[in-house]
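Reader: I have a chain here that I'd like to go through with you. Can we start with the overall layout and then get to single residues?

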Amino acid sequence: AVIVRSTLDDFEQATSSLREVVIPRLRQMPGLVSAQWVRLAEDSGASMVTFETREAAHAFTQMLQESPPPGVTVNSVEVGEVVERV
């Protein structure tokens with residue numbers, strides 16, 4: 001899974017970009033299992049995007065680092081193993 005923590009510089013722009021660009025691109029990525037985005041505060045959020053393989057997760061992190069979504073400052077990106085899922 002990929003855990004991303006972000007600053008929401010422009011919430012409206014960020015959500016628009018999420019719906020119009022990020023999610024359609026993500027749906028085309030091989031191995032996608034699920035994705036969630038959470039607004040933690042007025043100007044911060046986090047997401048968890050789960051993939052079938054570590055390689056697919058790393059491909060997503062590369063895409064995110066090369067082309068961060070408008071309206072968002074990516075503060076951290078971590079890849080970790082999903083131990084359990086409900």
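Predicted model: local features only at pLDDT ≥ 70, side-chain atom pairs only at ≥ 80, totals over all residues.

Reader: Fine. How many helices and strands are in the protein chain?
Author: Two helices and four strands. Along the sequence they follow the pattern β-α-β-β-α-β.

Reader: What is the radius of gyration, and what would a compact globule have?
Author: The protein chain has 12 Å. A compact globule with 86 residues would have a radius of gyration near 12 Å, so the value agrees. The C-alpha atoms fill a box of roughly 30 × 25 × 20 Å along the principal axes.

Reader: And what share of the residues count as buried?
Author: 34% of the 86 residues. As for contacts between residues at least 6 apart in sequence, 65% of them join residues at least 24 apart.

Reader: Now the core. Which residues are in the largest nonpolar core?
Author: There are 11 residues: Val-2, Val-4, Leu-26, Met-29, Val-49, Phe-51, Ala-56, Ala-57, Phe-60, Met-63 and Leu-64. At least two residues come from each of β1 (2-8), β3 (44-51) and α2 (54-66). Helix α2 gives the most, with five residues.

Reader: Why would residues like that sit together?
Author: In soluble globular proteins, nonpolar side chains tend to be buried together.

Reader: Take Met-29. What is Met-29 in contact with, leaving aside its neighbours in sequence?
Author: Phe-51, Ala-56, Ala-59, Phe-60 and Met-63, once neighbours within four places are left aside.

Reader: Thr-61 next. Where is Thr-61 found, and why does Thr-61 count as buried or exposed?
Author: Thr-61 is found in helix α2. Its relative accessible area is 8%, and the cut-off for buried is under 20%, so Thr-61 is buried. Beyond four places in sequence, Thr-61 touches Val-2, Val-77 and Val-79.

Reader: Change of topic: how much space lies in the largest pocket?
Author: About 340 Å³. The largest pocket is lined by 19 residues, and the closest to its centre are Ser-6, Leu-8, Leu-18, Trp-37 and Val-72.

Reader: Which elements supply the lining of the largest pocket?
Author: β1, α1 (11-27), β2 (32-41), β3, α2 and β4 (72-79) supply at least two residues each. Helix α1 gives the most to this lining, with five residues.

Reader: How does the lining divide into nonpolar, polar and charged?
Author: 14 nonpolar, four polar and one charged.

Reader: You listed Leu-18 there. Where does Leu-18 sit, and which residues does Leu-18 touch?
Author: Leu-18 is found in helix α1. Not counting residues up to four places away, Leu-18 touches Ile-23, Pro-24 and Trp-37. At 18% relative accessibility, Leu-18 counts as buried, because the limit is under 20%. The C-alpha atoms of Leu-18 and Pro-30 are separated by 19 Å, with the two residues 12 apart along the chain.

Reader: Last one, Gln-13. Is Gln-13 buried, exposed or partly exposed?
Author: Gln-13 lies in helix α1. Its relative accessibility is 38%, which falls between the cut-offs of 20% and 50%, so Gln-13 counts as partly exposed.

Definitions and conventions: Residues numbered from 1 in each chain as written. Heavy atoms only, no water. Core = buried A, V, L, I, M, F, W, Y, C linked by side-chain atoms within 4.5 Å. Buried < 20%, exposed > 50% of the residue type's maximum accessible area, 1.4 Å probe, protein only. Contact = heavy atoms within 4.5 Å. 1 Å grid on protein atoms, 1.4 Å probe; cavity = no way out; pocket = protein on both sides within 12 Å on 5 of 7 lines; lining within 4 Å. Points joined across faces, edges and corners; volume = space filled by probe spheres on them. Nonpolar A, V, L, I, M, F, W, Y, C, P; charged D, E, K, R; others polar. Rg over C-alpha atoms; globule rule 2.2 N^0.38 Å.
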